[in-house]
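Hi everyone, thanks for coming.

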Amino acid sequence: MKKQKHRPALVNIWYLLRQAVRQDRTYPLALAAVLAVKLALPVIATLLPTAAVAALTRGGTLGTYLAAIGGLMVLYAGGTFLGVLLEEVLSVKNSVFRTIWGVTAQTKKALTMDYQLLESPEGLQRMETASHAVGGNHVGVEGMLRHLADWLLNLLGMVLYGGLAVALDWRILLVLAAMTAANYAIALWAWRFNMRTKGEADKDLRGQNYFFRLSRNPANGKDIRLYRMEQWIMGAVTACVMRRDSWRRRSFGRRALRSVSDSVFLVLRDLLAYAMLVGSFLAGDIDAAGFTLTIGVISTFTNWLNMFVAASDDWRYETLEVDDFRNFLDQEDIFNHGPGPDVSKVQSPPRVELRDVTFTYPGGEKPVIDHLNLTIRPGEKIALVGLNGAGKTTLVKLLSGLYRPTGGEILVDGVPAADFNAAEYLRLVGTLYQDVKLLPFTVGENVSGAEDYDRERVWACLEKAGLREAVEALPKGLDTSITQRLERDGVDLSGGQQQRLLFARALYKDAPILILDEPTAALDPLAEADLYQKYAQTTGDKTSLFISHRLSSTQFCDRVVYLENGRVAEEGTHRELLERGGKYAELFEIQSSYYKDKTDQEEPS
């Protein structure tokens, strides 16, 4: 997987700004309005005490000064109200941008990226960190945009007041420059600590979020309560939270040193400024109003300077999360997403051939599929069996186009599967997995996989799957929602009904290759036998692969392939393998012994 990129903060903020403007053309106008009002307020605040002192020390009528002071106060109050209003407008724009663009972009990437990347440890890690970058108002994407107004405001204020401060006395700038350098050095030291430790902190964040999701999932609630796992899970959650809290405190402690530095340099600044100004006042070079204005300019300039450094420091942390987000979006697919052979020209049913296929998971020590050779003839039904860890599920992912072999090749009608456009290849394969979850949409949408669908075709597929009568009995038929997650009048289907509905989905797709991975694991033997009969009746025109731990599926298949250590150990018909007396026969004998009538056993004398 490609190495993570780290981009300068200005590069990331420019990227976000371009995206924000594309989504909302009025974004720059709102940003400029906030800057204008927020820049004017400190100027008014600096002039107010100066006007008051001038009223006390200079000539002129009281009415004139009261009018000036009153006018400034009205301006300040109005500007404050307008500033709060405009900030709220900009804040809403930032939140809308994060949710509409950021969350949508992440979701689209997760739905469309190559499954092999998504399921990998690196892919899951990048998904988690990208989720965090768009998961809050003050972090990552939105946090960086929120600090943009502060950064620009402080930059403009620093330039404006810096020019005034230079005109007053350049020596003050030396103290402020030293303060800025110290702040920057401390901030850089703290940031480097975060860079070194971010990986472990992100790992604890993933663990924390995982256990939170685990505890909220009703499917896990039964085992957690029955086996009293709550203390164990809470211990794991607490450990993740405590480690992350320790990291936060160490990070915060390093950044807090900046405040100590500020305090020291502010004392030096005030000593120098007051000594200079008092001397000038006593010498008659400035009056009281000038003294007040100068102190206000220096104090405000220092505030701009400190806030600019703080905003830049915040960016330095937020840009790491924006990097995480962009690195997730920028992941390059490993399959072919360009032109490829025309899948419509693949014969139905097709011939599928695996030539010397090898697959090793990233970081794995040995192959899960090891130089496997297998040919499935057009329309043939293959039963793939073997013990746990034999490589059956991995082989299914390879055949279904979710994974690509690390060695060898898979051919469909003589064409390498890797040559097909990845999305087009998926049209060739219909799958039925044991662990697929139904979506909280209607029955018809679950079968068709779409919002607009052919209702008659859905009914026909439900008929073939043996579920039509059950769906007709539902309150809204095809329009009945599955579960109550989105609709209060939704229904929950039994395990057998779910499997039949998923089988109807595979029939609706009508792909020439059908793969069924443990499709009857949750069913009793009678329901299993009935469903396998449905499979046999409705899949005659497809090249089919059946994977099961239970060997009842093998008897209606044309051939049985026994997999061991990622290789074909035995193959033949069910009867041939029983007569051979090998590992398949041994496994079949063990399983069938559980169904034998105990009355056939010899009773003890």
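Predicted model: local features only at pLDDT ≥ 70, side-chain atom pairs only at ≥ 80, totals over all residues.

Residues are numbered from 1 along each chain as its sequence is written, and side-chain values use heavy atoms, with hydrogens and water left out.

pLDDT, by the way, is the predictor's confidence in each residue, from 0 to 100. The protein's mean is 81, and 84% of its residues reach 70 or more. Watch out for residues 598–605, though: pLDDT stays under 50 there, and the model gives them zero contacts beyond four places in sequence. Contact here means heavy atoms within 4.5 Å.

Helices (H or I, at least four residues) and strands (E, at least two) are DSSP runs, numbered from the N terminus. Two strands pair if DSSP finds at least two bridges between them.

Okay, sheet number one. What is the order of its four strands? It goes β2-β1-β4-β5, an open sheet with antiparallel pairing. β2 (369–376) and β5 (415–416) sit at the edges with a single partner strand each, so one side of each has no neighbour in the sheet. β1, residues 352–359, is joined to β2 by five bridges, and L354 has L374 in β2 as its bridge partner.

While we're in β2, find H371, which lies in that strand. H371 isn't a glycine, yet it has a positive phi of about 50°. Most residues other than glycine have a negative phi, and most peptide bonds are trans. P349 is in the loop between α10 (288–329) and β1.

On to the other sheet, which is open too, with six strands in the order β6-β7-β8-β3-β9-β10 and mixed pairing. The edges are β6 (429–433) and β10, each with a single partner strand, so one side of each is left without a neighbour in the sheet. From one strand to the next, the twist averages 20°. β6 runs parallel to β7 (residues 513–517), with five bridges between them; Y433, for instance, is partnered with D517 in β7.

At the other end, β9 (residues 559–564) and β10 (residues 567–572) run antiparallel, also with five bridges. Their hairpin has two residues between the strands, and N565 takes a positive phi near 55°.

Last stop, a helix pair. Which residues of α14 meet α16? They are R457, V458, C461, L462 and K464, and they meet F503, A504, L507, Y508 and K509 in α16. By class, that contact has seven nonpolar, no polar and three charged residues. (Ala, Val, Leu, Ile, Met, Phe, Trp, Tyr, Cys and Pro count as nonpolar, Asp, Glu, Lys and Arg as charged, and the others, Gly among them, as polar.)

Finally, α16 also lies across β6 and β7, running at about 175° to β6. For that angle, axes are lines fitted to C-alpha atoms, for helices over the stretch in contact, and angles run from 0 to 180 degrees between N-to-C directions.
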